[in-house]
Each structure stands twice: as C-alpha cells, then as structure tokens.
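Here's a quick tour for someone meeting this model for the first time. Have the sequence and the 3D view open as you read.

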Amino acid sequence: MEIRRFVGIGVAAVAFAACNESVEERINTVYEEEGRKKETFSATDKYGPLKVKVGEFVGESKVKPWSAWWYPLNERTLFYKTTGGSSPLEKYDYYSGRMFNVFSEAARYEEQELYRPNEVGWAGLCHAWAIASVLHPEPKEAKTIGGVKWSVGDQKALLLKTYEKAGGIAEIMIGDRFNGDRNDDYDDIYPDQFHKLVQNHLVENSTPFLMDYDPRFPVWTVPVYKVKFLIEKLNNTSAKVRAYITFASPHVDDHNYVGTKRVVKTYDYILTGQWANGTLNVTDGEWIEASKNDHPDYLIAFPSSIERGSLNKEINYEIVDSILK
C-alpha cells in the first residue's frame, strides 16, 4: 500500500464539539420576514417547500451511528496512558515507522500542540465522532496488526483524529451557529427549517444527519438516526408538532464500548401557513413551551462530501485506514 504524506484540506473546518452528560436522559426556505434573520443555508431552498399533513410520521436511517468516547481537549488519553501500556498515538507512531517507514511523532505533537489542560469542559472531538459514526463501520473487536495490539478504543480514537479538521461543513450546514453575539438569533435554527431537513433525511430518504442540540454557545454535535413526528391541526393557518429525535451519545463509561448508546429529545413547535386539501403549505415556524429554550442550534446534512483531515500534522489517515481496514 502506497502511503502519501497528508498535507492539508478543504474549505471549512467544523468547530470543536462536545456533549453534556445532563442530556443522557430523555428531555421533555429561509424567508426575509421581519424578525427573522437570513440563515447560512436554507433547508427549504435546498430541498423544496415544506408541506405537512396531520398524523404520525416516522423515519429511521439505514445507517445506525455508533457511540464512542469524545476525547475532551483537556484530557491526556490520546497520548498518555496512566495505567501502563501505550496510548493510541504512541502505538500509531510505532506502527507507522515499523510498517511504512514513516517515522511520526503524533503523540508528542498532540501533547505539545493540541493538548489544552485549561480548556473549557465542552471542547473535544464530538464533531469528529459524529461524522465518523455515520461514514465508517464501527470497530467492534480488538486486533493485532503490525505487531501492535489495537483495542476497540484505540481504533476509534485514531479514526476520530482523522475527522477533527473536517472540510466542507459550511456547504452542508443549515442554520447559523449561536456565538453569543448581540445580533445572534437564539431561535435559529427555525422549526420549519428543522422539520424540512429531518423530513427529507429520515422520513423520505432514510439518511442520518448531524445536529448541534444546544442553542447556546457550546457546540455539542451528535448523529441523528430516528424521528417520530406527531402533527395535529390547530386552526386554518397552523399545525402543532411534537418531534421525538433519537441520536447516538458519546458519553460511554468505557473507551472500548461497542454499540449505540441511545438518547431521545423532544421538541415542540408551531408551523404556520395555509391548509389546502389536507396539506399545510408551511411558511413559518415558532418554538413553543420548553423548546423555546431547548432546541437545536444548527443541523448538518449527511456528510458524504466531507474532506478528512487532522489537526495533528503527524497523522496520516491512510496509515490509520490500514489499521481499520
């Protein structure tokens, strides 16, 4: 196998992401209208007008994302193993030199350039895990390759590192990130845009997507793979929706965890427009009840066009793939 030294990638890099332990339990067309800001991209522009009917509608991805530890930037797990043995990046360095004559210093680079002992608690590799979990089969068994014993956790850690600098996110992102600035719109992503992308991906095409589930400043990205919509007519111009969104969680107790740790969140909102022949042609939406404060920040369409890359310049994703093959 020919190994080419990784140089650099693409257009845009996703922000650091993380997840909050408190959500491990079940919790209850962009239009230029007054009070509504223009989103980065519009789900209705991309997928067409939103139309809904009364009833129960379910959708599930053909791909079921897997869970993995999300490696906070303020922990040393990737490059230092406190219980003896070698860390994932120390094993990578040994393997790279022995098998491909590429003498890397990934563990050293991680510690000196990327490790942040005083970083905020939410910063980590959730975004990289979310992408990898919908694009790659889950490593499920320990293996020995190149004289190195690779645990499930080792394999997942290396795979995540090849997606931490993912290029092309801006092109498939629906909604603006909330940065806490004076002019930021807390209600974005608007519920009609949320509904359209979820409807398109899960109900119509059985395709997963990614979601930052907190509307505040921290970025906590998860892969979504199932939805249930309950839609009822309110009056001649609106419908009430309750959406049950199921996603995989990275809050696993064991780095060698195999499978999908499931989380369900509930969102409530009103869709407005005009009813015609039993169909509501939606032109607007409003978060209601608890969802006024607890709703997604933005969504990322299925990341099939994402460019892989690592912030650790000593990591070559082709060498990583030779371990995961």
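Helix α7 covers residues 317–324, and its buried residues are Glu 318, Ile 319, Val 320, Ser 322 and Ile 323. Here "buried" means under 20% relative accessible area, "exposed" means over 50%, and "partly exposed" is anything in between (1.4 Å probe, protein chains only). Helices (H or I, at least four residues) and strands (E, at least two) are DSSP runs, numbered from the N terminus. This is a predicted model, where local features need pLDDT of at least 70 and side-chain atom pairs count only at pLDDT 80 or more, while totals for chains, interfaces and linings use all residues. Residues are numbered from 1 along each chain as its sequence is written, and side-chain values use heavy atoms, with hydrogens and water left out.

**Helix α7 and its surroundings**

- The buried residues of α7 pack against α2 (88–100), β3 (143–145), β4 (148–150) and α5 (152–161); contact means heavy atoms within 4.5 Å.
- As a reminder about helices, an α-helix has 3.6 residues a turn, so residues three or four places apart point the same way.
- Where α7 starts, a side-chain oxygen of Asn 316 comes to within 2.8 Å of the backbone nitrogen of Glu 318.
- That kind of pairing is a polar contact: a pair of N or O atoms within 3.5 Å, where, within protein, one must be able to donate a hydrogen and the other to accept it, and residues adjacent in sequence count only if both atoms are side-chain atoms.

**Two buried serines in loops**

- Ser 310 sits in the loop between β11 and α7, and it counts as buried because its relative accessible area is 7%.
- The side chain of Ser 310 has a polar atom 3.0 Å from the backbone oxygen of Lys 161, and a polar contact of 2.9 Å links the side chains of Ser 310 and Glu 164.
- Ser 291 belongs to the loop between β10 and β11, and it counts as buried because its relative accessibility is 2%.
- From Ser 291, the side chain reaches the backbone nitrogen of Asp 268 at 2.8 Å.
- If you leave aside neighbours within four places in sequence, Ser 291 is in contact with Thr 266, Tyr 267 and Asp 268.

**Strand β7 and its partners**

- Strands β7 (residues 221–235) and β2 (residues 55–60) pair in the antiparallel sense over six bridges; two strands pair if DSSP finds at least two bridges between them.
- Within β7, Lys 228 is the bridge partner of Val 58.
- Strand β6 (residues 209–212) also runs antiparallel to β7, joined by four bridges, and Leu 210 stands opposite Pro 223 in β7.
- Ten bridges pair β7 with strand β8 (residues 238–248), again in the antiparallel sense, with Val 224 opposite Phe 247 in β8.
- β7 and β8 form a hairpin, and two residues lie between them.

- Which two residues does a cis peptide bond join? They are Asp 188 and Ile 189, with omega about 10 degrees.
- Ile 189 is in the loop between β5 (173–174) and α6 (191–204).
- Asn 277 isn't a glycine, yet its phi is positive, near 55 degrees.
- Look for Asn 277 in the loop between β9 (262–276) and β10 (279–287); it counts as exposed because its relative accessibility is 82%.
- Glu 289 is not a glycine either, and its phi is positive at about 55 degrees.
- The loop between β10 and β11 (298–300) holds Glu 289, which counts as partly exposed because its relative accessibility is 45%.

**Empty spaces**

- Rolling a probe the size of a water molecule over the atoms shows where empty space is left.
- On a 1 Å grid over the protein atoms alone, a cavity is a set of points where a 1.4 Å probe fits but cannot get out, and a pocket is an open set with protein on both sides within 12 Å along at least five of seven lines; lining residues have an atom within 4 Å of a point.
- The largest cavity has a volume of about 80 Å³, and its lining includes Tyr 71, Phe 79, Lys 161 and Glu 164.
- The largest pocket has a volume of about 260 Å³; grid points are joined across faces, edges and corners, and a volume is the space filled by probe spheres set on the points.
- Of the 16 residues lining the largest pocket, Thr 77, Tyr 80, Lys 81, Pro 88 and His 255 lie nearest its centre.
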